[in-house]
Amino acid sequence: MVLSPAKGSFVLDMCAAPGGKTAHLAQLMDNTGLIIANELFQDRHLSLGNTLDRLGVVNTVVTAYQAQQFPLKEPFDFILADVPCSGEGTLRGSALKRLAYSKTVPLKPFSALQKKIILRGFDLLKKGGEMLYSTCTYNPDENEEVVDFLLKNRQAELLPINLHIDFEPGITQWRDKKYDPRLVRSARFYPHQLNSVGFFMARIGRR
Amino acid sequence: LDSSWPELAEDEERDSIFCYLRDRFGISSKQFDGYLMFKRKQAWILLKETQQIRYASHLRVEKAGLKAFRKVSKYVKPTTRFIQLFGNAATKAKVEISKKQLSRLINGEDLVSEMDVQKGYVILSLRDGNAIGIGFFDEGRIRSQLPKRSRAYFKEE
């Protein structure tokens, strides 16, 4: 997996509901260490709690902070920032979602929020720690631009993504915008290659 | 710990629950070395003990660990999820059921059983040995205690 927390790690999942990824982190850690599963929205805590209980997770506590304001007191070994996004990568599976998307398309607020979350996530990371930034959307404003914003504002590094499935490198140019050339180390996953949802990932390290 | 955390269970309470698990189900208390036990209202929670809990002690917490037991009248009732995690270590008060018997239980029927145990909770396990939840044994009959929301899942199985 791209984010592979070692056993005994201190891990933050910034936007955790409904909990599938949190539970997978717990599994990778063999239920050791401690995971903070943060989810702002109380109405998603039931599904998050059910997923964690159903999958036998015993190393996790749930918090309800705004991800971009998560308290800075203690740094984490690993952070998952699977942020709120426009969800373009999931449209393939649902006509209703496509219809709702075509009526709303609220892209700008997502990008602004995502930039705040990625900065806070990086600031919460221990030196030598790793963060995975991910979305289920194709829009470069929510992907490469957000990571580019981090690279411009913090001493972050982009780590390579090694997976044995097909994916495309992140883009370094979109319309009139140019992004940091290191963004080729991020990854775009497309349904026509994987028969899956669309996804974006950037593996971020802190020296 | 921040006041939002559940309270740590008293040693006496912890010992009493682990003695119950040992005496009723034969689950050794060694299984719970390395776990913290918290209490919230009439329920007890298990969370892996780790030094990182002190790093998280300032956080306002909504939920911690796995709800493992609830007080139901005079009984301590293990939760289905607890049994699914630790029930395989049980050596007593455990009944093996077929898928057909499981189907009858989840449809609300009691199972007739000649188990030699006192009235109280028993562990239900499938013939592959996996503990799936609990039932309540009384006067030769077992009544399902599987949560309603899990019944659809077992039906699919």
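User: Where does A:Ile161 lie in chain A of this model?

Analyst: This is a predicted model, and in it A:Ile161 lies in the loop that runs between strand 6 (156-159) and strand 7 (168-169) of chain A.

User: Why is A:Ile161 called buried?

Analyst: Its relative accessibility is 9%. Buried means under 20%, so A:Ile161 counts as buried.

User: What does A:Ile161 touch, leaving out residues up to four places away in sequence?

Analyst: Contact asks for heavy atoms within 4.5 Å. The residues A:Ile161 touches include A:Val2, A:Phe167, A:Arg185 and A:Ser186. A:Ala187, A:Met201, A:Ala202 and A:Arg203 are also among them.

User: And how many residues separate A:Ile161 from A:Met1 in sequence?

Analyst: They're 160 residues apart in sequence, and 9.2 Å apart in space, C-alpha to C-alpha.

User: Stepping back, how many helices and strands are there in chain A?

Analyst: Chain A has six helices and 11 strands.

User: Which share of the contacts in chain A joins residues at least 24 apart?

Analyst: Taking contacts between residues at least 6 apart in sequence, 74% join residues at least 24 apart.

User: Now chain B. How many helices and strands does chain B have?

Analyst: Chain B has five helices and 11 strands.

User: What about the charges in chain B?

Analyst: There are 30 positive and 21 negative side chains in chain B, with the centres of the two sets 5 Å apart. For chain A, the mean positions of the 26 positive and 21 negative charges are 3 Å apart.

User: How many aromatic pairs does the structure hold?

Analyst: Over all chains, it holds 18 aromatic pairs.

User: Why is the pair of A:Phe70 and A:Phe76 called edge-to-face?

Analyst: To pair at all, ring centres must lie within 6.5 Å, and planes over 60 degrees apart count as edge-to-face. A:Phe70 and A:Phe76 are 6.1 Å centre to centre with 65° between the planes, and they form an edge-to-face pair. Both residues are buried.

User: What makes B:Tyr121 and B:Phe136 an edge-to-face pair?

Analyst: Apply the same cut-offs, 6.5 Å for the centres and over 60 degrees for the planes. Here the centres are 5.1 Å apart and the planes make 75°, and the pair is edge-to-face. B:Tyr121 lies in strand 9 (residues 120-126) of chain B and B:Phe136 in strand 10 (residues 131-138), so the pair ties together parts that are 15 residues apart in sequence. B:Tyr121 and B:Phe136 are both buried.

User: Which residues form one aromatic cluster in chain B?

Analyst: That cluster is formed by B:Phe18, B:Phe32, B:Tyr35, B:Phe69, B:Phe82 and B:Phe86.

Terms used:
Residues are numbered from 1 along each chain as its sequence is written. Chains are lettered from A and ligands numbered from 1 in the order in which they are written. This is a predicted model: local features need pLDDT of at least 70, side-chain atom pairs count only at pLDDT 80 or more; totals for chains, interfaces and linings use all residues. Side-chain values use heavy atoms; hydrogens and water are left out. Helices (H or I, at least four residues) and strands (E, at least two) are DSSP runs, numbered from the N terminus. Lys and Arg count as positive and Asp and Glu as negative; His and the chain ends are not counted. The place of a charge is taken as NZ of Lys, CZ of Arg, CG of Asp or CD of Glu. Rings of Phe, Tyr and Trp (its six-membered ring) pair if their centres lie within 6.5 Å; planes under 30 degrees apart count as stacked, over 60 as edge-to-face and the rest as tilted. Buried means under 20% relative accessible area, exposed over 50%, partly exposed in between (1.4 Å probe, protein chains only).
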